[in-house]
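Here is a short briefing for a reader who is new to this structure. Please look through the sequence and the model before reading the points that follow.

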Amino acid sequence: MRYGHFDDEAREYVIETPATPLPWINYLGNEDFFSLISNTGGGYSFYKDAKLRRITRYRYNGVPTDNGARNYYVSIMSGNSEDAKPVETFSPTFLPTKTPLDEYRCRHGIGYSVFEAAKSGVRTALTAFVPLHTAAEINRLDVTNTNDHPVTVDVTGCVEWCLWNAVDDSTNFQRNLSTGEVEIERLEDATIVYHKTEFKERRNHYAFWAVNTPAIGFDTSRDEFLGQFNGWDTPQVIAEGRAHDSVAHGWYPIAANRVRMTLQPGETRTAIFMLGYIEVPNDQKWEDPNNPAKVGIINKKPAHQLFSRFNSVAEVDAALTALKAYWNGLLSTYSVESGDERLDRMVNIWHQYQCMVTFNMSRSASYYESGTGRGMGFRDSNQDLLGFVHLVPERARERIIDIASTQMEDGSAWHQYQPLTKKGNADIGGGFNDDPLWLIAGVYAYLAETGDVSILNEPVPFNNVEGSEVPLLEHLRRSAHFTMTHLGPHKLPLIGRADWNDCLNLNCFSSTPGESFQTVENNDTGVAESVFIGGMFVLYGGQYADILEHYGAECNVSADALAAEIADVRAAIGAMNEAVKTAGWDGEWFVRAYDAYSRPVGSHTDTEGQIYIEPQGMCVMAGIGLDDGKAQAALKSVHDRLTCEWGTAILAPAYSTYRIELGEISSYPRGYKENGGIFCHNNPWISIANAVAGNDDEAFAVYRRNCPAWLEDKSEIRKVEPYVYCQMVAGPEAPTPGEGKNSWLTGTAAWTFVDVSQYLLGVRPTLDGLVIEPHLPAEYTDLTVTRVYRGVTYTIKLQRTGSRSLVVDGKAIDGSVVPAPAADSGVTAVDVEVTF
């Protein structure tokens with residue numbers, strides 16, 4: 001049931017057939033420019049914002065799924081004359097031609113993908129990547145003749161332009177079919193097609209598709225290229241064996257460059273294609289604004305400069321080497337040698353890689369998130385911080401400021417913001433009452449990793465309003481006090497529109513088809529409460545108090561005010577802990593919430609939805625119930641009532657009918673998504689909770705049950721990629737248990753890495769230093785963790801002896817905290833020996 005294999009030395013997953021159950025994708029990109037690419041060459045590209053700067057078009061409901069992305073046609077020609085005809089045409093990525101290949105491999109690596117194919121003695125290797133700090137995707141195509149006779153091959157590389165705004169592009173046809181504009185430039189050493197739609201009016205950006213050799217033809221009109229009744233698998237110009245040199249005027253602009261190669265036996269030729277994005281100042285948009293004959297001709301100098309950096313094999317090889325070196329540096333920050341190849345490959349490669357991709361994208365652009373509305377999530381991005389802050393702390397700092405700038409003055413927040421504008425998304429609004437506390441979680445993680453107290457004094461606006469700036473610490477105060485001042489009748493936090501589970505909509509009461517469950521409030525009684533947020537407040541309110549105790553004196557807060565604030569917060573935490581253990585306790589597990597009528601949700605008193613996963617994980621992570629047996633009882637209930645071979649379901653029993661008082665959660669079929677599916681995001685909470693409670697075997701078993709590397713041989717059932725996590729797996733009550741959906745962009749990435757790195761392997765950054773407390777099952781006896789922390793490389797040897805000890809550079813120390821060296825100590829390496 002496998003479709004490929006891991007190559008751990010190369011840090012690649014090698015796919016050996018194009019016929020994977022779903023498109024198995026990779027992400028190419030850096031800070032600003034991103035491309036999605038599947039194992040058959042599908043996907044799309046954009047600059048910063050998948051909605052507002054979409055470069056290439058993608059059809060989410062298209063058949064086949066990957067139709068019309070980056071399309072390559074390799075035509076073996078009848079000869080080298082102008083009237084030569086194609087004998088056979090294939091695609092190096094299998095799609096779009098679907099020609100059966102003699103050989104096929106797709107190697108998804110860290111920031112690059114390589115496609116290797118062969119047909120009738122012609123071998124191709126297509127390497128795709130986005131160079132560091134570059135707004136362009138490089139496609140290097142090597143073509144080799146393995147026959148014993150010369151071969152003439154025509155290569156056509158083609159992309160389809162999106163008209164920038166992905167929503168408008170897919171809806172506003174009465175305008176868009178008249179606006180498409182292109183320019184074509186045929187140089188001695190290159191052919192470049194420019195997409196300049198709307199450039200002459202309000203835009204200052206264009207895109208281009210270039211190849212580093214003179215083309216024997218081009219096309220920019222999709223209709224002309226495909227011909228009537230044809231799809232991307234059978235374009236008319238490919239069948240004819242000649243380009244039409246078409247120029248698009250409106251309709252559907254594309255860019256197709258056709259080049260010819262005559263190859264001797266054993267010879268390899270290379271063509272380098274580039275998809276580039278250019279921004280120019282408004283006063284430099286035109287080639288010569290003072291020459292009437294050149295009005296409307298775009299300034300191509302920036303494109304020439306960009307393409308010239310990568311238009312040779314040597315330059316492309318150097319850029320790919322630099323990209324790999326960059327990732328090698330990032331991934332050296334945390335690594336483990338455990339003796340278990342599955343654990344090592346996930347921790348050392350794929351967990352952290354997915355964390356970085358999810359940081360870049362939030363939930364905005366995947367094969368499941370269309371990139372046309374969500375933007376960056378306030379809650380999502382703060383959680384993503386937990387998984388990548390150790391890799392790029394300077395970018396984490398920037399992200400924290402961006403997130404905090406969308407907070408409201410009362411401590412609430414926009415639920416989402418657009419990455420291009422960094423403004424709150426008014427379509428979804430706010431009112432998700434867990435959002436404010438996640439800001440504390442993100443800032444604490446940054447401080448624990450870096451010790452950079454200066455961020456707390458950084459002036460940050462509210463709602464991006466100029467003049468409203470206050471220190472970031474004040475944003476944290478308002479986050480905590482928002483929860484403290486929004487309590488319901490059980491002294492539990494009000495849920496608002498929703499909490500972490502956007503589909504539990506206790507104030508919605510929607511009976512209108514198509515009405516948004518998450519933004520409509522038809523019955524806000526002001527009493528619906530969340531036990532989950534109560535657990536969050538105990539955990540993250542405690543982190544806020546810790547921040548005050550460690551750094552408050554450095555933030556210009558008076559001693560009296562600081563003491564009063566700490567006392568108020570600690571008292572509120574104590575009261576919340578008691579409320580959760582009383583009103584939030586159902587007898588064998590924690591209640592999920594109270595609805596708009598103050599009736600318990602997630603209680604044995606109901607016939608369905610009796611137990612939910614979220615409060616069991618969050619409350620035990622917060623330490624609630626560890627002192628009186630409630631934590632262990634809740635975790636036992638999770639194991640007995642929610643857990644199957646594929647992971648731990650979000651609730652049970654699943655709802656069989658629509659419950660208007662619960663909202664979207666009950667709208668899904670039983671066993672799918674939030675209605676009894678295995679929502680992978682919160683499985684790590686249960687693993688961490690078991691670790692905190694001392695249940696080491698179960699903590700690791702929870703991790704293992706839905707870890708991709710342990711499920712590779714079940715790929716036919718799971719369907720999604722075997723190297724990254726997905727958002728949801730169909731639960732035990734579903735007709736298709738184990739089937740995955742919504743891969744790559746999920747909080748599962750960050751939380752799983754937090755789980756395995758900080759709790760299972762047990763190397764956890766805190767405000768005081770590294771805590772080392774492993775929680776591993778008996779089969780793990782000798783491990784080495786390498787951790788770069790605050791500029792110091794810690795080599796941590798873990799050995800199972802049955803007793804705990806901690807030795808740092810030969811000196812035994814009490815407790816489990818390895819103090820961080822002073823910034824000016826000059827220490828660069830520390831050896832740590834731990835027994836457990």
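One aromatic cluster brings together Y3, F6, Y13, W24, Y27, Y326, W327, W350, Y353, Y723 and W744. The model is a predicted one, in which local features need pLDDT of at least 70 and side-chain atom pairs count only at pLDDT 80 or more, while totals for chains, interfaces and linings use all residues. Residues are numbered from 1 along each chain as its sequence is written, and side-chain values use heavy atoms, with hydrogens and water left out.

**Aromatic rings**
- The structure holds 44 aromatic pairs, where rings of Phe, Tyr and Trp (its six-membered ring) pair if their centres lie within 6.5 Å, and planes under 30 degrees apart count as stacked, over 60 as edge-to-face and the rest as tilted.
- F225 and W232 form a tilted pair, with 6.0 Å from centre to centre and 45° between the planes, and both F225 and W232 are buried (under 20% relative accessible area, with a 1.4 Å probe and protein chains only).

**Charges over rings**
- K285 lies over the face of F199, at 4.7 Å from the ring centre, and the charged end of K630 sits over the ring of W585, 5.7 Å from its centre; the criterion is NZ of Lys or CZ of Arg within 6 Å of the ring centre and within 35 degrees of the ring normal.

**Domains**
- The domain assignment, which is automatic or from a database, gives domain 1 (4-328) and domain 2 (764-835), and their C-alpha centres lie 48 Å apart.

Conventions. Buried means under 20% relative accessible area, exposed over 50%, partly exposed in between (1.4 Å probe, protein chains only).
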